[in-house]
Amino acid sequence: MSIAMPLPIRRLGLALSDKKIDLFVGSMEVLDGLKNDPLHSKYPVVVMSFEVYFNRLPGWRPVWPPDETFRLKKGTSAQSAKVLVDNFDLNVIHAKTHLSALKLVNRGRVDYWLENSSGMRKVPELTKNQAPGFSRLLLYHKPIFVHFQRSIEGQKIKRIFDDRFRQLVAEGNYVSEFS
């Protein structure tokens, strides 16, 4: 069994294919172009979804991955600000709460609020307080799987994982924050 290795996400697929690690968690696109097609869990362990709330009247519509226009806009996020700044070079400030993020956009202090979908659902006021000319858009939706080596050991680990994961779900002991 391997120990966790701090690698960039794009190199994890290669490390798995080269049998330097046993498994990792990530999207399917990380595996594109690998010589040994790794195994993956039967079901996604989570579905990452990000939504954006923004003023569409100036004629801007956010796109993913973020383009230069998106990067120049000022945004906010209650749960994901650090990741959005570090990984996507977005100009995002941290909001103390989801409701404060909504208010920052509605008052014109920022151009958008970008949050995982579960965060957006935590603000019932969003539906009631959506300002005229503002939209909520699903920007990113990606299932995340556990990937395993294509080997006898990898097949064994995958089988155990799939069985136990299915059992967790069936017993109601698995709740996804991001679904």
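**Exercise 1. Work out how exposed R166 is, and which residue R166 pairs with.**

Step 1: R166 has a relative accessible area of 41%. Buried means under 20%, exposed means over 50%, and partly exposed is in between (1.4 Å probe, protein chains only). So R166 is partly exposed.

Step 2: This is a predicted model, where local features need pLDDT of at least 70, side-chain atom pairs count only at pLDDT 80 or more, and totals for chains, interfaces and linings use all residues. Residues are numbered from 1 along each chain as its sequence is written, and side-chain values use heavy atoms, leaving out hydrogens and water.

Step 3: R166 meets the side chain of D163 in a salt bridge, 2.7 Å from N to O. The term asks for a side-chain nitrogen of Lys or Arg within 4 Å of a carboxyl oxygen of Asp or Glu.

Step 4: D163 and R166 sit 3 residues apart in helix α7, so about one helical turn separates them. Helices here are DSSP runs (H or I, at least four residues), numbered from the N terminus. D163, at 40% relative accessibility, is partly exposed too.

**Exercise 2. Find the partner of D162, and say whether D162 is buried or exposed.**

Step 1: D162 makes a salt bridge with K158 (2.4 Å, N to O).

Step 2: D162 comes out at 10% relative accessibility, so D162 is buried. K158 is buried as well, at 19%.

**Exercise 3. Describe the pairing of K82.**

Step 1: K82 forms a salt bridge with D86, with the closest N and O atoms 2.6 Å apart.

Step 2: K82 and D86 both belong to helix α3 (residues 81–88). K82 is exposed, at 62%.

Terms used. Helix = DSSP H or I, 4+ residues; strand = E, 2+ residues; numbered from the N terminus.
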